[in-house]
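Please keep the sequence and the model at hand while reading.

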Amino acid sequence: MADLDRRMLLKTGFLGAACALLPAGARGQEIESHGLSTFGDLKYGPGFQKFDYVRADAPKGGAFSQLVYQTGYNQSFNSFDSLHIYVLKGTGAVGMDATFATLMARALDEPDAVYGYAAQSVAVSADRQTYRFRLRPGLSFHDGSALTAEDCAWSFNTLKEKGHPFITEPLRFFKEAVAEAPDIVRVTLLPGRGRSLPLIVAGLPIFSKAWWSSRDFTKSTLEAPLGSGPYKVGKVDVGEAISYERVANWWGEKLPTQIGTNNFDRLTWQYYRDPSVSFIAFGAGNYRFREESSSENWAKGYDIPPVREGRIKRETVPDHTPSGAQGWYFNTRRAKFSDPRVRQALGFVFDFEWVNRNVMYSSYQRTASIFENSPLKAEGKPGPDELALLEPHRGKVPDAVFGEALLPPVSDGSGFDRANLRTALGLLKEAGWSLDNRVLKNAKGEVFTIEFLEESDFLYKITAPFIQNLGRLGIAASFRAVDSSQYQRRTDAFDYDVISRRATYGLTPGEDMRGPFSSRTAAVPGSTNISGIADPVLDALIDAIVAADSRAALVAACRAFDRVLRSGYYWVPMYNRPNHWLAYWDEFEHGDPGVIYDRGIPDLWWPKRKG
């Protein structure tokens, strides 16, 4: 699933944030600040000059090219046919967000704080339903036209009405944006809005109202929308590669939130449909940075001349971010996956221990939670704060929710754990499925089939042993990789049995939990609710997450939610790795940023000085 880029909070896995403020001044009933954070703590004061983790004098120049590693909205890992990423139509190009400014920008060394970018400050009403963002002087779009509050208001209102479902759902309690003056945009939120909504709005892209006045916002296009960010669209090879050129004398380059970043003159994203071809292309120098995702490649593939000669460098760096939820997700809209006993049974069939040892060189650890590698993960028995949230739902959730946190089954590592398969078959029988001449059928005589739908064959080596074991239970399972456009159409329409996805929910989840897990989105085409989850108990716990007024309350609500979600067996968790494997041509440099909650690539890297 997509992880969601530092320049925007609103992605498949953006960090939730909120409206608590560090006061910088007051105007009537309003409190003015240079930044926003969830629970009122801001690391950087009003006069800060730069973020601690950046190198202010980082050299500028050069080019940085890489594969597609993160996607959001309508983007794909394998291709693109549109330069408009904020609507459902089309397959958007990765990197387009770098062409747009936002009101505020995230600090990577804080869980959920943002500071002034296009806006220099924000004034918040006493009831925290009205936010007045004051724009900086001298803002402009790439064509030289002025960026005003009117552009901001039009952008936010249009995204609420016509944007991608990833955007419209979190903006449900956004009422309106109004330009009160050329440099002041007033954002009004509805009562009952989530804690994260003010920061979601502060992270939305700002479009040119004049540019869009003669175009249809809802349609895909290969005409680059007019932006105001640090980069503008350069060379475009549709479906193959896209480059962005750094804007000369950009108005934001000396801002405290931008200094030391955007160091390369050109950024390029390359698309490859075949992972083996993409690896060969890296060794040939067709692109210059690679975050390795294949344990086999990392273990054996880099014995090539550029590595031996020192022209390609390799690094293993720790990952300080939540690992996220990578796994196979069941489409519970289909009758065969509607019974949680069926879903639980299929979880017993995946032999992670065998796959990890024989396919992944023992490089991974098992994922159990959507909050893996995070204090939000439920462990052991629920504490008093969790029980206070769970007790009202006793009888509506499995009793197991009140015991030890549920964990994925552990196999004997043989690849054919008979005990686990017997357990699986027993659960399937309880759910009304039985073997008929070694074929699993229900009472209607329908054969149990599963199609694993993928956008490439990258996960085939992981899925094949799973499919083999499913066959031992009489399940006719298959693996199907389709092209990006077909994959997008099918997933938007929920036309699949099982798909794999990875998503992260940050250290301060909020409204972003509604997209993938709330009843409201289960039937919304293109939503992130890929499993079709519609559980009133989970809805209530999401409300508790959104309403949490302290980090302790947030942790308790997330852990309670985690317990109930696990009891639904909506997915078969895969694995995670506590570090990043980086390989790059010896053309770049980077410092040690310390603990940051992002990869920081390429934003915190710079071209290597020659000589």
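Just after helix α5, G285 adopts a positive phi of about 85°. The model under discussion is a predicted one. Within α5 itself, which spans residues 275-283, the buried residues include S278, F279, A281 and F282. These residues lie on the same side of α5, because they cover an arc of only 160° around the axis. An α-helix has 3.6 residues a turn, so residues three or four places apart point the same way.

The buried residues of α5 are covered by several elements, among them β5 (63-67), α6 (295-301) and β16 (312-318), and the strands β15 and β26 also take part in this cover.

## Strand β15 and its partner

Strand β15, made up of residues 289-292, is covered on both faces: F289 and E291 are buried on one side, while R290 and E292 are buried on the other. β15 runs antiparallel to strand β26 (residues 579-585), to which it is joined by 4 bridges.

Nonpolar side chains tend to be buried together in soluble globular proteins. The largest nonpolar core in this model comprises 73 residues, and those with the most contacts inside it are F133, F156, L171, F174, V187 and W605. Apart from this core lies another one, of 51 residues, which includes F348, A424, L425 and A477.

Which residues does W605 touch once its neighbours within four places in sequence are left aside? The contacts of W605 are F64, N263, F264, F289, L582, Y584, F588, E589, H590 and G600. F289, one of these contacts, is also one of the buried residues of β15.

## Salt bridges

Side chains of opposite charge can pair when their charged atoms come close. In the model, the count comes to 39 salt bridges. One of them joins R520 to E169, with the closest N and O atoms 3.5 Å apart. R520 lies in the loop between α14 (514-517) and α15 (536-547), whereas E169 lies in the loop between α2 (165-168) and β10 (174-181), so this pair ties together parts that are 351 residues apart in sequence. R520 counts as partly exposed, with a relative accessibility of 47%, whereas E169, at 9%, counts as buried.

In a further salt bridge, the side chains of R490 and E451 meet at 2.9 Å, N to O. This pair likewise links distant parts of the chain, with R490 in helix α13 (residues 484-492) and E451 in strand β21 (residues 449-454), 39 residues apart. R490 and E451 are both buried, and they belong to a network of salt bridges that also links R334, K336, R480, D495 and D497. R308 and D303 form another salt bridge, at 2.7 Å from N to O; here both R308 and D303 are exposed.

## Backbone geometry

Most residues other than glycine have a negative phi, and most peptide bonds are trans. F494, although it is not a glycine, has a positive phi of about 55°. The position of F494 is in the loop between α13 and β23 (498-503), and F494 is buried, with a relative accessible area of 10%. Y569 likewise is not a glycine and has a positive phi, of about 50°. Y569 is located in the loop between α16 (551-567) and β24 (571-573), and at 23% relative accessibility Y569 counts as partly exposed.

Where in the chain is P602 placed? P602 lies in the loop between β27 (588-590) and β28 (605-607), and the peptide bond that joins I601 and P602 is cis, with an omega of about 5°.

## Cysteines

How many disulfides does the structure hold? The structure contains 0 disulfides. As for individual cysteines, C152 is buried, with a relative accessible area of 0%, and C558 is buried with a relative accessible area of 0%.

Terms used:
Residues are numbered from 1 along each chain as its sequence is written. This is a predicted model: local features need pLDDT of at least 70, side-chain atom pairs count only at pLDDT 80 or more; totals for chains, interfaces and linings use all residues. Side-chain values use heavy atoms; hydrogens and water are left out. A salt bridge is a side-chain nitrogen of Lys or Arg within 4 Å of a carboxyl oxygen of Asp or Glu. Helices (H or I, at least four residues) and strands (E, at least two) are DSSP runs, numbered from the N terminus. Buried means under 20% relative accessible area, exposed over 50%, partly exposed in between (1.4 Å probe, protein chains only). Two strands pair if DSSP finds at least two bridges between them. A disulfide is a pair of cysteine sulfur atoms within 2.5 Å. The arc is that of the directions from the helix axis to the C-beta atoms. Contact means heavy atoms within 4.5 Å. A nonpolar core is a set of buried Ala, Val, Leu, Ile, Met, Phe, Trp, Tyr and Cys residues joined through side-chain atoms within 4.5 Å.
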